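Trainee: I've never looked at this one before. Could you walk me through it?

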Amino acid sequence: MGPAGPLAEIRAGDRVIVVEVGLDADLAGWLGAMGLGPGQTLTLIRRAAFGGPLHVRTGSGGELAINATLARSILVAPLTSQGRIG
């Protein structure tokens, strides 16, 4: 993954930071409350087969499944092992 791209394109084990959530305000607010807002860190735990949901862990330790279509609207940037944007 380059400097920034959609959450839907990261690999299992990747740590990223949310840069932007390109969704309507209500849905973006709900995702932010779940730990998926701008500035939040995420780790992709696994992705389901056949384009199914992505299982992510938030920086606060919460885990949730994100629909692959929704994940394409969440822009993320990779983090280095030191927690810096890479």
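Trainee: Leaving aside neighbours within four places in sequence, which residues is Ile66 in contact with?
Mentor: Quick note before we start: this is a predicted model, where local features need pLDDT of at least 70, side-chain atom pairs count only at pLDDT 80 or more, and totals for chains, interfaces and linings use all residues. Residues are numbered from 1 along each chain as its sequence is written, and side-chain values use heavy atoms, with hydrogens and water left out. Contact here is heavy atoms within 4.5 Å. With sequence neighbours set aside, the partners of Ile66 are Leu31, Leu36, Pro53, Leu54, Val56 and Ala71.

Trainee: Which residues touch the most other members of the largest nonpolar core?
Mentor: A nonpolar core is a set of buried Ala, Val, Leu, Ile, Met, Phe, Trp, Tyr and Cys residues joined through side-chain atoms within 4.5 Å. Buried means under 20% relative accessible area, exposed over 50%, and partly exposed in between, with a 1.4 Å probe and protein chains only. The largest core has 19 residues, and those touching the most other members are Leu7, Leu31, Leu36, Ile66, Ile74 and Val76.

Trainee: Which residues make up the covered face of E5?
Mentor: Strands are DSSP runs of E with at least two residues, helices are H or I runs of at least four, and both are numbered from the N terminus. In a regular strand the side chains alternate between the two faces of the sheet. In E5 the uncovered face has Glu63 and Ala65, while the covered one has Leu64 and Ile66.

Trainee: In what order do the six strands sit in the sheet?
Mentor: Two strands pair if DSSP finds at least two bridges between them. Here the pairing is antiparallel and the sheet is open, with E1 (5-6) and E5 (63-66) at the edges, each pairing on one side only. Reading across, the order is E1-E6-E2-E3-E4-E5.

Trainee: What is the bridge partner of Gly5 in E6?
Mentor: E1 and E6 (residues 74-78) run antiparallel and are joined by two bridges. For Gly5, the partner in E6 is Val76.

Trainee: Which residue in E5 is the bridge partner of Arg57?
Mentor: E4 (residues 54-58) and E5 run antiparallel, joined by four bridges. Their hairpin has four residues between the strands, and Gly61 there takes a positive phi near 100°. The bridge partner of Arg57 is Glu63.

Trainee: What is the N to O distance in the salt bridge of Glu63 and Arg57?
Mentor: A salt bridge needs a side-chain nitrogen of Lys or Arg within 4 Å of a carboxyl oxygen of Asp or Glu. Glu63 is partly exposed because its relative accessibility is 43%, and Arg57 counts as partly exposed too, at 35%. The N to O distance between their side chains is 2.9 Å.

Trainee: Is Asp14 buried or exposed?
Mentor: Asp14 sits in the loop between E1 and E2, and its side chain meets that of Arg11 in a salt bridge at 4.0 Å, N to O. Arg11 is exposed, with a relative accessible area of 58%. Asp14 has a relative accessible area of 18%, so Asp14 is buried.
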